[in-house]
Amino acid sequence: MRRSAIRSVPALAFCVASGLAACSGGSTTPQTLAQVQAKLAATLPKPYIEDLVIESVAVEGNALVEVIRSPLGTAAKTRANPRFNELRQAEAIELRGWCSDPVIQPLLKTDAALKRRFVDRNGGVFFEVEMAARACPAATTNAGAPAP
């Protein structure tokens with residue numbers, strides 16, 4: 001028992017010397033979120049699908065939030081549609097595609113969340129979908145690897 005404690009001293013010293021960032025097991029720094037947000041924001045606005053537009057991206061707490069605007073319809077009417085939950089479920093699955101964006105890669109081993117907020121032309125929220133960046137398929141297979 002004592003021998004393993006002695007071996008962990010160099011590792012502990014490294015963590016302290018490096019500011020704990022490399023040894024924290026995935027804490028998200030505001031700086032990393034801000035860097036990713038700035039890179040994505042520089043490409044916006046851009047089309048999403050059909051008439052939807054990715055309007056902005058922001059950092060809210062520990063989440064990177066993409067705001068996707070629809071120029072048609074209203075949130076209240078759309079939420080009343082009996083098939084509304086199907087749309088939300090489809091977008092929750094589609095969110096996984098964001099994981100493959102090379103700009104997102106620095107977040108995959110952090111505690112960050114990825115969120116998409118769908119809004120109408122007046123800012124009314126249709127719905128939001130969210131997932132932990134760690135849940136990205138790429139987080140367990142090739143995080144940090146160059147994009148193909």
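Mentor: A polar contact is a pair of N or O atoms within 3.5 Å; within protein, one must be able to donate a hydrogen and the other to accept it, and residues adjacent in sequence count only if both atoms are side-chain atoms. This is a predicted model, where local features need pLDDT of at least 70, side-chain atom pairs count only at pLDDT 80 or more, and totals for chains, interfaces and linings use all residues. Residues are numbered from 1 along each chain as its sequence is written, and side-chain values use heavy atoms, with hydrogens and water left out.

Trainee: What does the side chain of Thr110 lie 2.6 Å from?

Mentor: A polar atom of that side chain lies 2.6 Å from the backbone oxygen of Leu107. The backbone nitrogen of Ala112 lies 3.1 Å from a polar atom of the Thr110 side chain.

Trainee: Is Thr110 buried or exposed?

Mentor: Thr110 is buried, at 8% relative accessible area. Buried means under 20%, exposed over 50%, partly exposed in between (1.4 Å probe, protein chains only).

Trainee: New topic. Where does Arg117 lie?

Mentor: In strand E4. Strands (E, at least two residues) and helices (H or I, at least four) are DSSP runs, numbered from the N terminus. Arg117 is buried too, with a relative accessible area of 14%.

Trainee: Which side chain does Arg117 make a polar contact with?

Mentor: The side chain of Glu128, at 2.3 Å.

Trainee: And how many residues has the largest nonpolar core?

Mentor: It has 27. Such a core is a set of buried Ala, Val, Leu, Ile, Met, Phe, Trp, Tyr and Cys residues joined through side-chain atoms within 4.5 Å.
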